[in-house]
Amino acid sequence: FSVRQSDRKVNEGDVQTVRGDIDAANDTTYTSMTRNLTFTWQEKNVEAGLRLPLITTTSKYHGNFTIGNAVGLTHVSDFRNTINNSRYIPALIYINTPKKDTAVYVYPLINYQGNGDLIYNHFSISAYRLLKQSRRDIYSRWGQTILLDAYNTPFGGDYGGSQFSFYGIGYFPGFFKHHSFWGYWGYQYSKMPAIATDPNNYIFRNGIPLPRGLTLTRYQNLYSMSANYTFPIVYPDIAIGPLLNLQRIRMNGFYDYAYGSGRFGSTQTQTYASTGFEVKFDINVMRLLPQLDVGFRYSYGIQPSTSLFEVLIGTINF
């Protein structure tokens, strides 16, 4: 059972609005305007559910199977943005008469919930079977992990939507000791009807991994996969006084791929691909036992062509 209350704010950057002014001779003059788009709202969420974790550890394999279901209510109030206080931002406006503007095209931002209630059901399954690791192993030499999430809105409310996502991760031994091949395959379906038929459709947040270094558009059907090779570079075991201890430097090379189709009821498709590497430093801070990994990533976009350098701060491992 959980309760959350927060004041939310998201800056979406700049958007461009084009106005078409129609004069008496039926000629149109187009004027472009760029404005910042920032959303603010107040959000309250209550969620309650049951989760059953089954331990399936046997011999040299760690194992777990967890099934759960939860029902949640998200209430949003005071939703506004810097343009028109709506989830749909005008992209092209025709001025037909001096007193009437008609938005012909809009930017649909339906992954935001406007004022009202979203009542949802969340069903989940997760499982793993991993070969026990030695202290120097980065990942399990052999193992599988699966995660499944299903969201829908069968209880009414002001907003409706549904989403199904699944992905699995496989781990394999590398060429040398403590090296690891690993990768994932995922699929996600999101309900995305045409705006005119269902203006109150809500898209739940993405539930599968995406190609690193790229920004993806949401699609009705999305396939995602990746291949990785991870290995330790050196074990320096260097202590910088009582402040920091550097245990290991490791590297990961990757190739990511995704394919999306069927956006907002149309038949659009798009392919995404990126490759690159990550360097991480496994450290202990202030002589504390929990390990923290920090590092950096360089991603090169094959399609679309782009590049990105990122600083990485990993989770604390207990």
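Visitor: Which residues do ring pairs link into a cluster?

Guide: Ring pairs link Phe 39, Trp 41, Phe 79 and Tyr 112 into a cluster. Rings of Phe, Tyr and Trp (its six-membered ring) pair if their centres lie within 6.5 Å; planes under 30 degrees apart count as stacked, over 60 as edge-to-face and the rest as tilted.

Visitor: What should I know about the model itself?

Guide: It is a predicted model, in which local features need pLDDT of at least 70 and side-chain atom pairs count only at pLDDT 80 or more, while totals for chains, interfaces and linings use all residues. Residues are numbered from 1 along each chain as its sequence is written, and side-chain values use heavy atoms, with hydrogens and water left out.

Visitor: How many aromatic pairs does a search of the whole structure find?

Guide: The search finds 21 aromatic pairs. One of them is formed by Tyr 139 and Trp 182, a tilted pair at 5.4 Å centre to centre with 55° between the planes. This pair links distant parts of the chain, 43 residues apart: Tyr 139 is in the loop between S6 and strand S7 (143–152), and Trp 182 is in strand S9 (residues 180–190). Helices (H or I, at least four residues) and strands (E, at least two) are DSSP runs, numbered from the N terminus.

Visitor: Is Trp 182 buried or exposed?

Guide: Trp 182 is buried, at a relative accessible area of 15%, whereas Tyr 139 is partly exposed at 24%. Buried means under 20% relative accessible area, exposed over 50%, and partly exposed in between (1.4 Å probe, protein chains only).

Visitor: Why is the pair of Phe 277 and Tyr 298 tilted?

Guide: The planes of Phe 277 and Tyr 298 are at 40°, with ring centres 6.1 Å apart, so the pair counts as tilted. Phe 277 is partly exposed, with 29% relative accessibility, and Tyr 298 is partly exposed at 32%.

Visitor: Moving on to charges, which ring does Arg 136 lie over?

Guide: Arg 136 lies over the face of Tyr 235, 4.0 Å from the ring centre. The charged end of Arg 212 sits over the ring of Phe 254, at 3.9 Å from its centre. The criterion is that NZ of Lys or CZ of Arg is within 6 Å of the ring centre and within 35 degrees of the ring normal.

Visitor: And Val 76, what does it touch?

Guide: Leaving out residues up to four places away in sequence, Val 76 touches Trp 41, Gln 42, Glu 43, Gln 113, Gly 114, Asn 115 and Gly 116, where contact means heavy atoms within 4.5 Å. Val 76 belongs to strand S3 and is buried, with a relative accessible area of 2%. Its C-alpha atom is separated by 6.4 Å from that of Gly 114, 38 residues apart along the chain.

Visitor: Now the backbone: which residues does a cis peptide bond join?

Guide: A cis peptide bond joins Gln 303 and Pro 304, with omega about -5°. Pro 304 lies in the loop between S14 and strand S15 (306–317).

Visitor: What is the phi of Asp 78?

Guide: Asp 78 has a positive phi of about 55° although it is not a glycine. It is found in strand S3 and counts as partly exposed, at 38% relative accessibility. Asp 237, also not a glycine, has a positive phi of about 50°. Asp 237 lies in the loop between strand S10 (221–234) and strand S11 (238–240), and counts as exposed at 55% relative accessibility.
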